[in-house]
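Have the picture open while you read.

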Amino acid sequence: MLRYIVRRLLQLVPTLFGLSILLFAWLHSLPGGPEAAMLDVRATDAKRAEVRAALGLDEPLIVQYGRFMKRLVRFDLGDSFTTGTPVMEEFGRRFPATVELTVVAMIIAICAGIPLGYLAARRHGRIFDGLTVTGSLLGICIPIFFLGFILKAIFAVKLGWFPSLGRQDVDVNATRVTEFYVLDGILTQEWDASLNALWHLILPAIALASIPFAIIVRMTRASVLEVLGEDYVRTAEAKGLRENTVRGRHVLRNAMLPVVTSIGLLTGGLLSGAVLTETVFVFGGIGSFLATAISNRDYPVLMGFIMIIAVIYVLINLAVDLSYSVLDPRVRVR
Amino acid sequence: MSAKTDRIDRLAELTARKDEGGHGLWYEAFRRLRRNPLAMTGAVIILLFVLIAILAPWLAPHDPAAQTWLGEIRGAEGFIPGPRSGNWLGVDGLGRDELSRLIIGSRQSLLVGVVATLLGFTAGAILGGLSGAFLGMFGKAGRWVDSILMRFNDMALAVPSLLLAISVATILGQGLVTVMIAVGVTQIPVFARLLRGSMLAQSHSDYVLASTALGVRKRRIVLNHILPNSMSPVLVQATLSLATAIIEAAGLSFLGLGGANAANPEWGVMLADSQQYLATNLRLAVYPAVAIIITALGFTLLGEAMREALDPKLRK
Amino acid sequence: MALLEVEDLAVTFQRKGTAPVHAVDGVSFTVAEGQVVGLVGESGCGKSVTSLALMGLLAKRGVKVGGKALFDGNDLLTMPGSTLRDMRGSEMAMIFQDPLSSLNPVIPIGLQVTEVLKRHRGMKGEPAEKEAADLLDRVGIPDPRRRLKEYPHQLSGGMRQRALIAMAVACRPRLLIADEPTTALDVTIQAQILELLKELVAQQGTALIMITHDLGVVAGLCDEINVMYAGRVVEGAARRPLFASPTHPYSVGLLGSIPRLDAPRGEKLKPIPGSVRDNIAWADGCAFAPRCAHRTDECLDGPPALVQTYTGHAYRCVNPVTGDEVEAVTAAATLPAPSIVDATTDSDGEA
C-alpha cells in the first residue's frame, strides 16, 4: 500500500511538469506577450521595457522557463491589476468561500444522486426509471447560471425564503477564524452565524450541484445495472443472504467504484463551475473575482486561477486514486 | 481522471463487437433507436432546430436589430413591453423583437455547436488517429510517440473544460469566434482519446488479425479497415458534443467572452444580457434559456440513446 | 420419497414486443438423498435455466415459471420469497461455472465464507473464522488462515472454485446444484474438483444435480442422467444403460463426439451437424429433427411423446436408435475419461 502511494506521488511529477509547460505556453501566447501578465494595460513603454528586462524575455526560452518555474514554486504570481494586491493574497482571502460552496454542492449532489440512481436501477425500465433518466439528462442541459437565476427569482426574490446574495447577512456579528464562515460559527460556537452562512449557501449550492447531481445519478444507475447482472450477485443470492446484505455489501460496494472516481473528477469541474454560480449570487469567492478579472484582462489573476485549479484538480485525483485503491483491492497489485 | 476516460474508452470498445446473426452493429443499433421514444424525441427536436436555423430569415417576423418599441421602454422603472400582437414574445431591453432574435439566434447557436464540434472532431481525429496509427504501424518507436501524445492528451482532458475554454478565450480576446474555438478546443482531447481507443479495439478484432495473417500491408489495414470502422463511436460523441458546445458557449457568453453583436443575436449573449432585467423581467432570461435547454436536450437525448443502443451492457 | 421431485417444470421468457421463448418446457426428474443426477446438453438447452428456476434465482420480471418442484414435499416454485431465501445456502446450495466472476472481487474470501455461516448458522467472530478456515481446509485449500484474508484475484482458478464449493457446503445443504463447475478450469484441475465433489457428496449424503455438457464428467460421477435438448428431456436413464445403449439420436451423437484413446488411429470424431440455432419449435415436431441423421417424416408430425421402458429408460423419439447402430460408437464407452474437447460443435457461452 505504501509503495502504491509513493509510486502514485512520483507519477505526479511529470503531470505537474506538463502542466507548468502548458501554463508557460499559455503565458507566451497571450496577446501582448508574457509581459502582459505583469503589466497594466495602461503601462508606459519604459515600464514595459523594464519588465521585459526583469523577466529576461530576451534570453533563451529555456532560461525563461527556469525563471518562470522559480516563481511558480514560490507561489509568486505578481499583483492583480484590479486591486493592486498580490494575487496569492487575493486568492487566500476568497478561496474559502468557493471551497465551502463546492463542498456543500458536492454533498447535495452525492446525497441525492446516489440513492436516486440506485432506485432508478432497481426499477429499470419502469416509469420511475424513465423519469429519472430524462430528469438527469435535463439537469445536464440546464446552464447552471440560468438555474441560479430561476432559484434566486423564485426562492429569494419572490418567496423570500432564502437570501439572494452574499455569504452572510451584514448585521450578523461573526468572529472570523478560518474564513470558512460555517466552520467559524461552529468553532466559536456562534451558532446563528453558522446557520446564517449555511442559509446563504443553499441556493447557490443547489444551482452548482445540478450538473454533478445529474451525472452521479446516471453513473450510479448504469453502474448498479451492470453490477446487478454480475455473477457474484447471483452467488450472493444463492447463498440466501438477506436482501440488505446483498444490496449493501455486494451490489452497492462494487457499483460505487466508478462513481467514486467520477466524484473526484466532478469536484474539479465544480471549482471552475463555481465561477458561474458565484457571479449570479454575488458570492465573495474566487468565482466572482475571476469574472471581474476576465472582463478587466487581469492576467496575473487568470494565471493564478488556472494554476491553482489545475493543481487542486491533480491533488483531488490523487486522493480519488488512493481511496479507490482502498475500495478495490485489485488496483493495489497492479 | 478515469470516470471521464472510462466512459470514452467504453464507447471506443463497442465497435469492435458485432452482434450475432449477421446484422451489423449499426443496423441493430438503429433498429433499437427507432423503438426508443426518447431517441425519437431528440431526433425531432434536432430536426426542428436545424430547420428553424436554416429558414430563420424567412421565419423571423421582424429585423432582430430594429428597436421598434424604444419609445415605450422605461428601463429605470423596469418597464419592457411583454407579449402582444406583433411581438408574440415581447421585446428585449432595447426594444428589439424577442421572437425574431430567438429565431435568428438559432443560427449562431447551431454555428457555434457545429464549428466547435467540427474543430474538436477534426483536431482530435488527427491527433488520435496519428497516435493510433503510430501505435499500430511503427513498432516500438510508434509506441513511444503514442504514449507521449496520450500523456499530454490525458492531461488536457483532466483540466476542467470551462477552465480550458477560459484560458483559450483570454488568448483570443472576446467574440463569437473565440467562443467557438474555445469550446472546440475542450473537445479535442475527448475525440482524440475516443478515436485512438476505438482504433485500438478494432486492431485487436479478429478480422484485423485475419488480414494481418493473410499478409495485407499494415498501412492498408489501418486505412481501409481500422479507420472506417472506428468512426461509429466518434459519431455518437459528436452528437453529445453538440449539446455540450451549446451549453458551454452560453457559459462563456455569460462571463462576457461572447461579445455583443446587435445584428447577430446569440442565445448565450441574450441570456447574459437579460441579467440586468432579472428582477423585473425574468422572461427575457427564460426565453433564450429554454431555447438552449431544449436544443441541448435534443442532442443529448439522441446521443445518449445512440450510446445505449451500442452498449450491450446497458440494454438488458 | 425423493428429496426433490421436479414435475413439468416450464420456464418462459417473455419480453414486450417479442415472441415468448420456452427455455424449459415440461421437464420432470427426481433426485433422492445422496444421489447424483446429471443434466446434460449443449449450450442453450435449458439446463442452467432449470437450475436457476429451482433456486428461485431467475429474474422476476418477464419470466413465467410453471409446474412443480417439490423439495421435501414443499413446492419451491410457489414458496414465499423469504422462506426460499432461508433455504438457499442452508438446505440447498449452488456452485457456478466461472469461479472468478462468481466471487465478489472487492471482499476477502474469508468474509464471503463467514457471511453464509452468520446468516444460516448464526456464527460470529472467531468461531466463524475458525469454521471458515476448517471449511477451506476441507475443500483442499492449503494455508486456509492466510487465504481467508486474500481476495479472489489472488487465488488460482482451481482455488477459487474450491472456495466457492466451501461456501456452498458451509451449512451442509441437502441438495447441491453444480452448474458446469469445471468448464472454466484446466483439465487437471477439473479432475480434482470432480473428485472433491464426489467426496463431499459421499461424506455428507448430499444430493447433487450436476449440470454439464461434458459426458465425461457425467460418466465419472452421476447415478442418473437426463439429456436435455431445446428445453425438454429427450432421454433419461441410469448411467450404465445410457452409456451402453443410448436410444435418442442426440445422446448417440453426444457420445460419438467424444474423442477416445482406444479408437483406431485416424478415425474421425463424429460431431453433431448444425447448432442449437437450427431448432424447430417442439410444437411442430421434434426440435432436433433438422440436425438428426435418423430423421423420418413422422418426426415432423408433432412433438414426440416420452416413451418409458420397463427398465426405467425414457426417451423422446419416434425413430430411436437400436442397439446395433450404437455399437460402433459406444462399444467401450461405459466410462470414458473426462473429455478434453467440448462435446458439441457449439462454441457459444452458456446462455
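Chain C has an open sheet of four strands, in the order β2-β1-β4-β5, with antiparallel pairing. Helices (H or I, at least four residues) and strands (E, at least two) are DSSP runs, numbered from the N terminus, and two strands pair if DSSP finds at least two bridges between them. The model is predicted: local features need pLDDT of at least 70 and side-chain atom pairs count only at pLDDT 80 or more, while totals for chains, interfaces and linings use all residues. Residues are numbered from 1 along each chain as its sequence is written, and chains are lettered from A and ligands numbered from 1 in the order in which they are written.

Helix α1 (residues 47-55) of chain C lies across β1 (4-13), β2 and β4 of chain C, at about 70° to β2(C).

Now for two helix pairs. Axes here are lines fitted to C-alpha atoms, for helices over the stretch in contact, and angles run from 0 to 180 degrees between N-to-C directions.

| Helix pair | Axes | Angle |
|---|---|---|
| α3 (109-121) and α4 (125-138) of chain C | 9 Å apart | about 115° |
| α5 (127-141) of chain A and α12 (283-310) of chain B | within 9 Å | roughly 130° |

So α5(A) is oblique to α12(B), whereas α3(C) and α4(C) are roughly perpendicular to each other. Angles under 35 degrees count as roughly parallel, over 145 as roughly antiparallel, 65 to 115 as roughly perpendicular and the rest as oblique.

Who meets whom? In α5(A), A:Leu137, A:Leu138, A:Ile140 and A:Cys141 meet residues of α12(B), among them B:Ile293, B:Ala296 and B:Glu304. (Contact means C-beta atoms, placed from the backbone, within 7 Å.) This contact divides into eight nonpolar, one polar and one charged residue. Ala, Val, Leu, Ile, Met, Phe, Trp, Tyr, Cys and Pro count as nonpolar, Asp, Glu, Lys and Arg as charged, and the others, Gly among them, as polar.

Finally, 20 residues of chain A are in contact with 26 residues of chain C. On the chain A side, the largest share, six residues, comes from α9(A). By class, that side has five nonpolar, five polar and 10 charged residues.

Conventions
Two residues are in contact if their C-beta atoms, placed from the backbone, lie within 7 Å.
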